[in-house]
Amino acid sequence: MILVTGVSGALGGSILRGLRAHGGLETAGGSRAGDGGAGGVRLVDFDRPGTLPGAFAGVDVLVFVSAGYAEDDVVLARHGAVVRAAAEAGVRHVVYTSLAGSGDPLSIALAHRWTEARLAEAPFEVTVLRNGLYAELLADLALAGTAGDVLAAPLADGAMPVVARDDLADVAVRVAAETQADLAAGRPRRHAGRTYELEGGTALGGADLAALLTEALGRPFGYRPVPLAEARAALGASGLEPYQVGHTLSLFSAAGAGLMRPRGGDLRAFLDVPRPAARVVAARLASAR
């Protein structure tokens with residue numbers, strides 16, 4: 001049986017739907033709400049470790065969608081609890097959604113690399129999916145920085161590689177399904193011990209986003225680079241949590257410094273034609289019109 005955590009979120013929900021559409025697989029979702037199992041969604045609350053061993057009972061493959069929406073110490077506590085509970089429950093294989101290597105300069109990388117290390121010490125097999133930044137996230141950042149006909153962002157002349165979230169979900173579905181099939185057949189698991197770099201081959205910067213805004217909204221937009229101090233003030237006034245402000249500034253800083261260049265990777269080994277990141281961004285911008 002395959003259990004996917006975080007199914008109330010966009011990535012986890014897409015993975016679960018993909019697995020259920022796959023056919024012939026016993027699946028369940030995990031969320032903080034749960035439904036008592038009636039709808040195939042178990043109570044999986046990372047902040048209540050006591051819910052985890054029972055939720056993981058009978059699970060062969062755990063698709064562990066990272067829970068990064070908190071301060072680092074909270075995320076580490078959550079992820080450590082998941083690893084311990086999976087070992088206690090006898091889970092046979094964990095597929096973890098991590099962060100691409102191009103994201104190493106980012107503050108969010110700390111929790112992911114810590115979790116990878118804990119998983120490497122665990123008694124079960126592991127596959128690490130090092131996911132690139134979502135194209136959808138970049139579109140949201142562009143919208144937040146748009147005023148009038150100008151996109152203001154602290155990206156200087158830098159850019160960041162992004163990938164369609166649905167592509168990442170498709171890879172997770174394939175890896176989890178093939179792992180379950182290998183377990184059922186009693187053969188060696190083809191994805192055991194593997195780390196896959198899943199980032200887009202396209203990097204988009206401020207001028208690119210302004211051009212996509214022009215296309216999506218049907219009027220001309222310009223790009224104005226802004227200092228990080230100005231971005232910090234704007235983010236602080238936006239209602240974001242302090243940790244969200246810090247992580248967002250880390251992203252802007254690394255991209256603006258030119259440290260987030262595409263490195264290639266394994267995406268095309270799973271997908272013949274990845275969704276073009278620029279088209280995903282444009283569609284998101286158009287939908288917010």
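Val 226 sits in the loop between strand S13 (222-225) and helix H8 (228-236). At 11% relative accessibility, Val 226 counts as buried, where buried means under 20% relative accessible area, exposed over 50% and partly exposed in between, with a 1.4 Å probe and protein chains only. From C-alpha to C-alpha, Val 226 and Asp 45 are 40 Å apart in space and 181 residues apart in sequence. This is a predicted model, in which local features need pLDDT of at least 70 and side-chain atom pairs count only at pLDDT 80 or more, while totals for chains, interfaces and linings use all residues. Residues are numbered from 1 along each chain as its sequence is written, and side-chain values use heavy atoms, with hydrogens and water left out. Helices (H or I, at least four residues) and strands (E, at least two) are DSSP runs, numbered from the N terminus.

**Strand S5 and its partners**

- Seven of the seven residues of strand S5 (residues 93-99) are buried, so S5 is largely enclosed by the rest of the structure.
- Strand S4 (residues 61-65) pairs with S5 in the parallel sense over five bridges; two strands pair if DSSP finds at least two bridges between them.
- Val 63 is placed opposite Val 95 in S5.
- A right-handed β-α-β unit is made by S4, helix H3 (residues 72-89) and S5; right-handed means that, with the strands pointing away from the viewer, the path from the first strand over the helix to the second runs clockwise.
- Strand S6 (residues 125-131) also pairs with S5, in the parallel sense and over seven bridges.
- Val 94 has Val 126 in S6 as its bridge partner.
- From S5 the chain crosses through helix H4 (residues 109-120) to S6, in a right-handed β-α-β crossover.

**Strand S10**

- S10 (159-163) is mostly covered, with five of its five residues buried.
- Ala 159, Pro 161 and Val 163 point one way from S10, Met 160 and Val 162 point the other way, and all are buried.
- Strand S7 (residues 133-134) runs parallel to S10 and is joined to it by two bridges; Leu 133 stands opposite Val 162.
- Strand S12 (residues 202-205) runs antiparallel to S10, with four bridges between them; here Pro 161 stands opposite Ala 203.

**The open sheet S8-S9-S13**

- Three strands, in the order S8-S9-S13, form an open sheet with mixed pairing.
- Strand S8 (146-147) and S13 stand at the edges with a single partner strand each, so one side of each is left without a neighbour in the sheet.
- Strand S9 (residues 150-153) pairs with S13 in the parallel sense over four bridges, and Leu 151 has Tyr 223 in S13 as its bridge partner.

**Two buried histidines**

- His 79 lies in helix H3 and counts as buried at 1% relative accessibility.
- A polar atom of the His 79 side chain lies 3.0 Å from the backbone nitrogen of Ala 67.
- His 191 is in the loop between helix H6 (165-185) and strand S11 (195-198), and at 5% relative accessibility it counts as buried.
- The side chains of His 191 and Tyr 196 make a polar contact at 2.8 Å; a polar contact is a pair of N or O atoms within 3.5 Å, where within protein one must be able to donate a hydrogen and the other to accept it, and residues adjacent in sequence count only if both atoms are side-chain atoms.

**Cavity and pocket**

- The structure holds one cavity of 30 Å³ or more; on a 1 Å grid over the protein atoms alone, a cavity is a set of points where a 1.4 Å probe fits but cannot get out, a pocket is an open set with protein on both sides within 12 Å along at least five of seven lines, and lining residues have an atom within 4 Å of a point.
- The largest cavity has a volume of about 30 Å³, a volume being the space filled by probe spheres set on the grid points, which are joined across faces, edges and corners.
- Residues lining the largest cavity include Leu 99, Asn 131, Leu 133, Pro 161 and Met 260.
- By class, the lining of the largest cavity has six nonpolar, three polar and no charged residues; Ala, Val, Leu, Ile, Met, Phe, Trp, Tyr, Cys and Pro count as nonpolar, Asp, Glu, Lys and Arg as charged, and the others, Gly among them, as polar.
- The second largest pocket has a volume of about 250 Å³.
- Of the 17 residues lining the second largest pocket, Gly 200, Gly 201, Leu 267, Arg 268 and Pro 274 lie nearest its centre.
- S10 and helix H10 (267-270) are the elements that give two or more residues to the lining of the second largest pocket.
- The lining of the second largest pocket has seven nonpolar, five polar and five charged residues.
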